[in-house]
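Me: I've got a model open and I'd like a close look at one spot in it. Could you walk me through that spot, then show me what else is worth a look?

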Amino acid sequence: MNVRGGPGTGFPVVGSAKAGESFEITGKNQDGTWYEVCCIGGKDTKGWLSASLVTVQGDAAAIALATDIPELPPTPTPAPEPTQAPTPAGGVAGGGSTGASGGPGPTGVMVYSVANLDADKWELWEYNLASGAKRMLFDWRTEAQFSPNYGQIAYFAWPPAAGAENTGIWVMNANYTGERMVIPGGAAYPSWSPDGGRLAVQGGGSIFVVASDGQSGFELVEGEYPAWAPNSAWIAHRACVGGGCGIYLTNVDSGEQRRLTTGGSDGQPAWSPNGQQIAYISQDDGNFEIYRINADGSNKVRLTNQGTSDGLPVWSPDGKWIAFRSDRGGGWAIYAMRADGSDVRKLVD
């Protein structure tokens, strides 16, 4: 389990405790829900463990209140106004400078993953659409997803970055501080619930719903590429049920399932900010293109039409743009188009 820097999941992870490992309890918090322990990682370093997840040898009631209990870290930086909000991997915000078509182009901040083939590693980058400035943030971080209020980012940390024991889903503040592990292991593709309290993740061939502090969770359904609706309990995902593959919707609370599309190659669903439409990829017309469909299954529209591969669609917060990856032009790059497929613009290689 995670060892925290203070009594609560809002504190950063300072170490890990393995099953069967023992620590000396040196104190507890006011309500006895967290224990201060020593020593972490063989060093003279104290940390905090959730009382509900450990077994105490001795009289728990006699444990003294810890001295110098740390204060909670500052609340994550509030989200900027929607027109300037940072957005999930490839997302962009509407408005801004004039583009090649003469209309306003997308603005905001985009966070995206890069396969650095020369260095043989994955990288996480930030791109400012207003200034054109870009910078590398971290090695071996991918699948970044901003929380609904844009105050936090969930992402997958690979073994070369986190070590085998800390590989999994992590969460950090939107200013890239306060990294903390929430789901260890092979879980991937995190997607936030509307209230930010839970995450849908893919683990193996199934989709799990897990509290955003990692303290509880359950397996929801077989499938991949979960995308939680921004305003309901429905999760869009790819699945094959009874041999019928496509995009399905599964309700987190009731378990009800609906089939949205019938394409055997359909995948990578992404909800519009108002929860009324879903963008996804399909090979219905020979190669991977991006399509859009209403959440009730009506009005399927093909948005891209190239002889190359288009994929990984993500909506801007205002719903005016869809960012996506494409190898049109002979090299991989991130593009943006309006939600109707028009006004395609290359953003960054």
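The spot is Ala66: is it buried or exposed, and which residues does it touch?

Reply: Ala66 counts as buried, because its relative accessibility is 8%. The cut-offs are under 20% relative accessible area for buried, over 50% for exposed, and partly exposed in between, with a 1.4 Å probe and protein chains only. Bear in mind that this is a predicted model: local features need pLDDT of at least 70, side-chain atom pairs count only at pLDDT 80 or more, and totals for chains, interfaces and linings use all residues. Residues are numbered from 1 along each chain as its sequence is written, and side-chain values use heavy atoms, with hydrogens and water left out.

Ala66 sits in the loop between β5 (46-50) and β6 (86-87); strands here are DSSP runs of E, at least two residues, and helices runs of H or I, at least four, numbered from the N terminus. Setting aside residues up to four places away in sequence, Ala66 touches Gly27, Lys28, Glu36 and Trp48, where contact means heavy atoms within 4.5 Å. Thr26 is 40 residues from Ala66 in sequence, yet their C-alpha atoms are 6.9 Å apart.

Next, the disulfides. There are two, counted as pairs of cysteine sulfur atoms within 2.5 Å. Cys38 and Cys39 make one of them, with their sulfurs 2.1 Å apart. The torsion about that S-S bond is about 65°, so the Cys38-Cys39 disulfide is right-handed. Cys38 is buried at 10% relative accessibility, while Cys39 is partly exposed at 33%. Another disulfide joins Cys240 to Cys245, S to S 1.9 Å. With a torsion of about 110°, the Cys240-Cys245 bond is right-handed too. Cys240 is partly exposed at 42%, and Cys245 is buried at 16%. Number the bonded cysteines in sequence order and the pairing reads 1-2, 3-4.

Now for the packing. The largest nonpolar core has 16 residues, and Leu124, Met172 and Tyr176 have the most contacts inside it. Such a core is a set of buried Ala, Val, Leu, Ile, Met, Phe, Trp, Tyr and Cys residues joined through side-chain atoms within 4.5 Å. The strands β9 (134-139), β10 (141-146), β11 (152-157) and β12 (168-173) each supply at least two residues of this core, and β11 gives the most, with three. Beyond its neighbours within four places in sequence, Met172 contacts residues including Leu124, Phe138, Ile153 and Tyr155.
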